[in-house]
Amino acid sequence: MSVAPRPSILSIDPYVGGESKIPGVNRIIKLSSNEGAFGPPPAAIEAITRAAREAHRYPDGNATALREALGARFGLDPARIITGNGSDELISLLCLAYGGEGTEFIMSAYGFMMYDISGRAIGSRVLKVAEKPGPDGGTVADIDAMLAAAGPRTRIVFLTNPNNPTGALLPNAEVARLRAGLRDDILLVLDSAYAEYVTEPGYDPGDKLVNAAGNTIMLRTFSKVFGLGGMRVGWGYAPADIIDVLNRVRGPFNVASASMAAAVGALSEPGWVEKSVAHNAEWRGKLAAALRAAGGDVWPSHTNFLLADFGSTEAARAVDAKLKSRGLIVRGMAGYGLPQALRFTVGAADECQLLIEALGAPPPGTSHG
Ligand SMILES: *Cc1c(COP(=O)(O)O)cnc(C)c1O
């Protein structure tokens with residue numbers, strides 16, 4: 001007889017990341033995981049190389065240099081910052097600290113999948129609240145419905161803003177309305193993994209709300225615009241009591257020294273975010289036009305990816321197959337309950353160009369006489 005895990009664990013479908021291989025295809029263009037278009041910042045690569053010589057030493061368990069660099073960059077108190085092995089780890093620690101059997105978490109239907117996985121893992125019930133049509137197309141989180149779903153067992157409400165995989169941005173006032181409508185003893189987790197890509201004036205990635213309202217944590221990552229997904233560095237900003245709780249449950253050396261050095265290096269790279277955001281705006285626009293021409297309904301995006309709805313599962317599969325035959329990997333959305341849609345990361349210029357050409361090409365196997 002095998003050892004039985006906590007029963008809720010067997011209800012989890014393991015996370016399926018963006019694919020990275022196509023059998024028989026040599027040059028792969030991976031546009032399935034929203035990784036930054038430019039690779040790692042050069043200063044991060046140098047920092048990793050230097051850190052290699054100190055790899056026999058344990059990391060600084062307090063992540064002092066990284067928290068200070070983050071504090072300086074974003075104007076935040078380093079004492080209220082926690083770093084993690086990707087923001088995924090911080091999501092998991094939040095679940096561990098505040099959830100468990102008999103508790104409930106709330107997320108929007110198309111919110112980030114890891115909330116569901118980490119919530120179930122510790123035995124919490126995770127309620128997915130249907131989204132509503134967005135003002136300019138696509139869908140957005142329905143704040144009223146999320147508030148209505150909160151009950152006596154609710155411990156955490158997760159909100160991704162802008163959202164992955166839809167790309168939708170909720171105005172600050174809506175996020176503030178969510179916080180104001182929740183009981184004080186419910187934690188609001190604002191996951192702002194794509195914050196740097198937002199060009200909307202006045203957008204608050206969460207730190208202003210954390211300061212104003214309490215019982216709120218902002219999560220950020222080095223995996224997207226900073227190009228360090230492989231190093232696994234995320235961070236959170238929250239009131240001191242929440243940081244204290246997370247520091248009690250995390251591993252003492254949860255972020256590797258080379259990873260911390262890489263993150264500090266990335267923050268020091270001059271003009272990196274500006275360059276990335278300008279590139280993103282240019283190519284996201286071109287890509288959106290190509291997706292529309294290919295029959296996709298493109299949802300409004302404030303991120304480095306686009307979700308396009310092709311109207312049917314078959315149509316989405318046909319586009320996916322055509323792209324795969326040319327070595328282009330994009331993200332299927334069946335796992336999110338959107339089998340008629342595909343998600344496209346804005347890659348480097350040559351990658352976007354190849355994607356645009358492939359979208360306009362006839363299906364594979366079509367003969368031209
Ligand atoms: C990519 C992503 C993360 C995870 O980032 P890591 O820091 O790599 O763990 C978290 N939340 C959302 C919404 C994401 O898209």
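Mentor: In this predicted model, Asn-254 touches Thr-83, Gly-84, Asn-85 and Glu-89, leaving aside residues up to four places away in sequence.

Trainee: What makes these count as contacts of Asn-254?

Mentor: The criterion is a pair of heavy atoms within 4.5 Å. Thr-83, Gly-84, Asn-85 and Glu-89 are the residues that Asn-254 touches on that basis.

Trainee: Why is Asn-254 called buried?

Mentor: Its relative accessibility is 12%, and buried means under 20%; therefore Asn-254 counts as buried. Asn-254 is found in the loop between helix H8 (240–249) and helix H9 (257–268).

Trainee: How do you know that the side chains of Asn-254 and Glu-89 are joined by a polar contact?

Mentor: The contact is 3.0 Å, and the limit for a pair of N or O atoms is 3.5 Å, so the label applies. The side chain of Asn-254 also makes a polar contact of 3.2 Å with the side chain of Arg-250.

Trainee: How far apart are Asn-254 and Gly-86 in sequence and in space?

Mentor: They are 168 residues apart in sequence, with 9.6 Å between their C-alpha atoms.

Trainee: Let us turn to helix H6. Why are its buried residues said to lie on the same side of H6?

Mentor: The buried residues of H6 (residues 172–181) are Glu-174, Val-175, Leu-178 and Arg-179. They cover an arc of only 140° around the axis, and are therefore on the same side of H6. On the other side, Ala-173 and Ala-180 are exposed, a term that requires over 50% relative accessible area.

Trainee: Which elements do the buried residues of H6 pack against?

Mentor: They pack against helices H5 (143–149) and H7 (207–213), and against strands S7 (154–160), S8 (187–191) and S9 (216–221).

Trainee: And the ligand: which of the 13 residues around it come nearest?

Mentor: Ser-87, Asp-191, Thr-221, Ser-223 and Lys-224 come nearest. The shell divides into 3 nonpolar, 6 polar and 4 charged residues, and helix H3 (residues 86–98) gives the most to it, with 3 residues.

Note on methods:
Residues are numbered from 1 along each chain as its sequence is written. This is a predicted model: local features need pLDDT of at least 70, side-chain atom pairs count only at pLDDT 80 or more; totals for chains, interfaces and linings use all residues. Side-chain values use heavy atoms; hydrogens and water are left out. A residue is near a molecule or strand if one of its heavy atoms lies within 4 Å of it. Helices (H or I, at least four residues) and strands (E, at least two) are DSSP runs, numbered from the N terminus. Ala, Val, Leu, Ile, Met, Phe, Trp, Tyr, Cys and Pro count as nonpolar, Asp, Glu, Lys and Arg as charged, and the others, Gly among them, as polar. Buried means under 20% relative accessible area, exposed over 50%, partly exposed in between (1.4 Å probe, protein chains only). The arc is that of the directions from the helix axis to the C-beta atoms. A polar contact is a pair of N or O atoms within 3.5 Å; within protein, one must be able to donate a hydrogen and the other to accept it, and residues adjacent in sequence count only if both atoms are side-chain atoms.
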